[in-house]
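Let's take a walk through this model together, starting with how charged side chains pair up and ending with the open spaces.

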Amino acid sequence: ADSGNAGLLDLVMALQWVRDNAAAFGGDPNNVTLFGQSGGAAKAAALLAMPAAKGLLHKAIIQSTSGGMRIVGQEEAMRMATELAAVLGVSRLKGEALQHLPMEKLLAALGKCPGPFRPVIDGRNFLADPYYPTAPQISANVPMMAGTTNTETTWYYPKHPGIFSIGYGDMKRRLTGLLKIDTAAMDTLIKAYRSAHPDARAIDILTAVTTDYIFRRNTLKIASLQSASARAPVYSYVFTRETPVANGRYRSPHASELPFIFGTTAVAEPLCGSGSDIQPLTNIMMATWAAFARHGNPNNPTIPEWKPFNDSNRLAMMLDVESHLESDPGGTSRAALEGLPYYEYSNDRASFLMD
């Protein structure tokens with residue numbers, strides 16, 4: 001009965017282990033911060049809505065989630081499982097049989113099925129989507145940080161170098177495939193983004209729209225829902241540091257904040273490059289994440305005063321060596337996306353990359 005959520009139940013067991021053993025390592029089992037990036041952020045959002053995880057985490061950081069607002073219903077989950085069984089040539093997916101499959105065969109089969117597989121509203125572990133249409137009340141007392149990098153989707157560009165030379169016609173074609181809107185709606189959307197950046201090239205508009213649609217819009221919606229229903233503060237951020245790699249053409253890609261949080265910039269040099277800003281920004285990011293983990297408040301001497309986010313101010317800390325607080329960065333353009341469904345993992349994010 002729990003098979004659709006086995007992965008998250010593993011995470012619950014890990015949190016239970018922390019609760020039971022943290023004190024032996026000098027930790028506080030009543031002050032546990034869970035944070036994740038990308039798919040990890042979706043897992044963190046899901047755990048906030050999972051009754052089995054209640055009381056096991058006390059602060060959460062949601063970094064660059066895309067499809068983390070929703071999970072899947074039983075009907076879709078059963079359809080996906082049935083299709084996987086057909087590809088594997090079995091009548092039913094049984095745990096013991098799956099454990100005896102060579103990993104290579106299982107991965108190959110997964111590649112032929114629609115996906116990705118994700119948590120399920122099963123009536124046991126989940127009664128509803130984590131952040132749709134509201135925030136989970138069981139986590140109303142959990143402080144949250146939620147944010148993205150400034151140009152998330154440039155993460156995908158190294159494998160598509162020709163994308164930097166696209167024109168406006170090609171850009172519109174790519175966005176139409178992703179957003180599934182008509183010509184008039186597309187023209188309105190492009191006008192909104194160009195009005196904010198009159199000199200923007202086609203690749204700049206493509207990056208801004210896809211970053212907003214796939215990552216920032218959903219992350220902000222989670223922050224908005226949490227702040228509206230929570231009894232604890234929510235803080236929003238944008239990581240704006242631009243990597244010098246490839247002459248700066250990738251700007252602030254997905255995952256580019258991680259080496260600064262973990263102090264691993266030396267091994268992550270192909271992503272973050274090098275320069276005099278590396279150590280100062282590492283100090284800022286480590287101090288900020290640690291302050292939030294300890295106190296539920298990210299304020300510390302390395303950044304300006306960071307006030308909580310809500311729908312009336314939509315404040316975000318623009319994180320770089322010289323950080324600053326800004327109200328609703330990019331919001332005027334992003335408003336053109338209102339009315340579109342929120343991005344979900346079932347929507348192929350790679351569609352805008354196809355030539």
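Before we look at any one side chain, a quick word on terms: a residue is called buried when its relative accessible area is under 20%, exposed when that is over 50%, and partly exposed in between. Keep in mind, too, that this is a predicted model.

Start with Arg-314. Its relative accessible area is 22%, so Arg-314 falls in the partly exposed class. Asp-311 is partly exposed as well, at 45%. The side chains of Arg-314 and Asp-311 meet in a salt bridge, with 2.7 Å from N to O.

Zoom out, and the structure holds 18 salt bridges. One of them pairs Arg-124 with Asp-2, where the closest N and O atoms are 2.9 Å apart. Arg-124 sits in the loop between helix 5 (103-110) and strand 3 (144-149), while Asp-2 belongs to the segment before helix 1 (6-21), so this bridge ties together parts that are 122 residues apart in sequence. Asp-2 has 28% relative accessibility, so it counts as partly exposed.

Another bridge runs between Glu-338 and Arg-217, with the closest N and O atoms 3.9 Å apart. Here, too, distant parts of the chain are linked: Glu-338 lies in the segment after helix 12 (331-334) and Arg-217 in helix 8 (residues 202-229), 121 residues apart. What about the accessibility of Arg-217: buried or exposed? At 5% relative accessibility, Arg-217 counts as buried.

Now for the open spaces. The largest pocket holds about 1400 Å³. It is lined by 41 residues, and the closest to its centre are Ser-3, Gly-4, Asn-5, Phe-117 and Val-120. Which helix gives the most to this lining of the largest pocket? That's helix 3, with nine residues. Helix 1, helix 2 (39-48), helix 3 (74-88), helix 4 (95-99) and helix 5 each supply at least two. By class, the lining of the largest pocket splits into 23 nonpolar, 11 polar and seven charged residues.

The second largest pocket has about 460 Å³ of space. Its lining counts 25 residues, with Asn-150, His-197, Ala-208, Arg-251 and Gly-330 nearest the centre. Strand 3, helix 7 (183-196), helix 8 and helix 12 give two or more residues each to this lining, and helix 8 gives the most, with seven. In the second largest pocket, the lining has eight nonpolar, 11 polar and six charged residues.

Technical notes: Residues are numbered from 1 along each chain as its sequence is written. This is a predicted model: local features need pLDDT of at least 70, side-chain atom pairs count only at pLDDT 80 or more; totals for chains, interfaces and linings use all residues. Side-chain values use heavy atoms; hydrogens and water are left out. A salt bridge is a side-chain nitrogen of Lys or Arg within 4 Å of a carboxyl oxygen of Asp or Glu. Helices (H or I, at least four residues) and strands (E, at least two) are DSSP runs, numbered from the N terminus. Buried means under 20% relative accessible area, exposed over 50%, partly exposed in between (1.4 Å probe, protein chains only). On a 1 Å grid over the protein atoms alone, a cavity is a set of points where a 1.4 Å probe fits but cannot get out, and a pocket is an open set with protein on both sides within 12 Å along at least five of seven lines; lining residues have an atom within 4 Å of a point. Grid points are joined across faces, edges and corners, and a volume is the space filled by probe spheres set on the points. Ala, Val, Leu, Ile, Met, Phe, Trp, Tyr, Cys and Pro count as nonpolar, Asp, Glu, Lys and Arg as charged, and the others, Gly among them, as polar.
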